[in-house]
Amino acid sequence: YLVDVYNRRVSVPDFSDYLLYMTFFPHLVAGPIVRARDFLPQLKTPPVINRAHLNEGLFLITKGFIKKAVVADLVSQYSDAAFSAPGSFSGYEHAFSTLCYTMQIYCDFSGYTDMAIGIALLLGYRLCLNFDSPYKSTSITEFWRRWHISLSSWLRDYIYIPMGGNRKGFIAQLCFLVITMLIGGFWHGADWKFVFWGVAHGLLLVIHKLWK
């Protein structure tokens, strides 16, 4: 918000609009990351809640609840058991638990997001799409265009592009990719596993760029 105001991408709103933007509860717990330029213009007119909004909102809330409370919570029993005592399970069981975890993390996170978008619709506001079938991606680059879209676009617009993006040569672009994903790792938490996660995804993006 501060960067967008400084760069005059958004005008300074009334204090009441600013307060609503900062405290709008549906997106605060688990995303999506809502930008001022997407949300503040919606406050210029009274919110419209029609049957289509109600149907879509209730559908998203139901879908998100099923993802989280049914699918994610069910498969987490297998992944949590294997990860808590790895020596007690075979390789096949670990492979299965890893698949369970990929389903768990997607259904958990996208379920929260679906519910947040649905609740916002019931209040008359539309939040951005945050997941677009990421496991259908055919490359790591496409994956990050589909997974947690509001975060990946935030990293692109506020870190990668300001550093130079693809404007300072190919080698610099590859370095910027790794740095951006490393910062994305720190965004998830101050822990070595998140550092490894960020560097790993940065290197995968670099490999894909080199392969292309």
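Modeller: About 440 Å³ is the volume of the second largest pocket. Before we go on, this is a predicted model, in which local features need pLDDT of at least 70, side-chain atom pairs count only at pLDDT 80 or more, and totals for chains, interfaces and linings use all residues. Residues are numbered from 1 along each chain as its sequence is written, and side-chain values use heavy atoms, with hydrogens and water left out.

Colleague: Which residues lie nearest the centre of the second largest pocket?

Modeller: They are Thr141, Arg145, Ser152, Arg156 and Leu177, out of 16 lining residues; a lining residue has an atom within 4 Å of a point. Helix H7 (149-163) gives the largest share of this lining, six residues. H6, H7, H8 and H9 each supply at least two.

Colleague: What makes a run of residues a helix?

Modeller: DSSP runs of H or I with at least four residues are helices, runs of E with at least two are strands, and both are numbered from the N terminus. The chain comes to nine helices and zero strands.

Colleague: How do the residues of the second largest pocket's lining divide?

Modeller: Seven are nonpolar, six polar and three charged. Ala, Val, Leu, Ile, Met, Phe, Trp, Tyr, Cys and Pro count as nonpolar, Asp, Glu, Lys and Arg as charged, and the others, Gly among them, as polar.

Colleague: What is the volume of the largest pocket, and how many residues line it?

Modeller: Its volume is about 680 Å³, and 18 residues line it, with Tyr101, Ile105, Trp147, His188 and Trp197 nearest its centre. Helices H5 (91-122), H6 (140-146), H8 (170-188) and H9 (192-211) are the elements giving two or more residues to this lining. It holds twelve nonpolar, five polar and one charged residue.

Colleague: Why are Phe131 and Trp147 called an edge-to-face pair?

Modeller: Rings of Phe, Tyr and Trp (its six-membered ring) pair if their centres lie within 6.5 Å; planes under 30 degrees apart count as stacked, over 60 as edge-to-face and the rest as tilted. Phe131 and Trp147 lie 5.1 Å centre to centre with 85° between the planes, so they are a pair and it is edge-to-face. Phe131 is in the loop between H5 and H6 and Trp147 in the loop between H6 and H7, 16 residues apart.

Colleague: Why are Tyr1 and Tyr21 called tilted?

Modeller: Their centres are 6.1 Å apart and their planes make 45°, so the pair is neither stacked nor edge-to-face. By this rule the count comes to 21 aromatic pairs. Ring pairs also link Tyr1 and Tyr21 into a cluster with Phe15, Tyr18, Phe24, Phe25, Phe39 and Tyr125.

Colleague: Is Lys67 buried or exposed, and which residue does its side chain meet in a polar contact?

Modeller: Lys67 has a relative accessible area of 14%, so it is buried. Its side chain makes a polar contact with the side chain of Ser110 at 3.3 Å. That term needs a pair of N or O atoms within 3.5 Å; within protein, one must be able to donate a hydrogen and the other to accept it, and residues adjacent in sequence count only if both atoms are side-chain atoms. Lys67 lies in helix H4 (residues 51-84).

Colleague: What is the phi of Arg8, and where is Arg8 found?

Modeller: Arg8 has a positive phi of about 60° although it is not a glycine, and it is found in the loop between H1 and H2. Most residues other than glycine have a negative phi. With a relative accessible area of 76%, Arg8 is exposed.

Notes: 1 Å grid on protein atoms, 1.4 Å probe; cavity = no way out; pocket = protein on both sides within 12 Å on 5 of 7 lines; lining within 4 Å. Points joined across faces, edges and corners; volume = space filled by probe spheres on them. Buried < 20%, exposed > 50% of the residue type's maximum accessible area, 1.4 Å probe, protein only.
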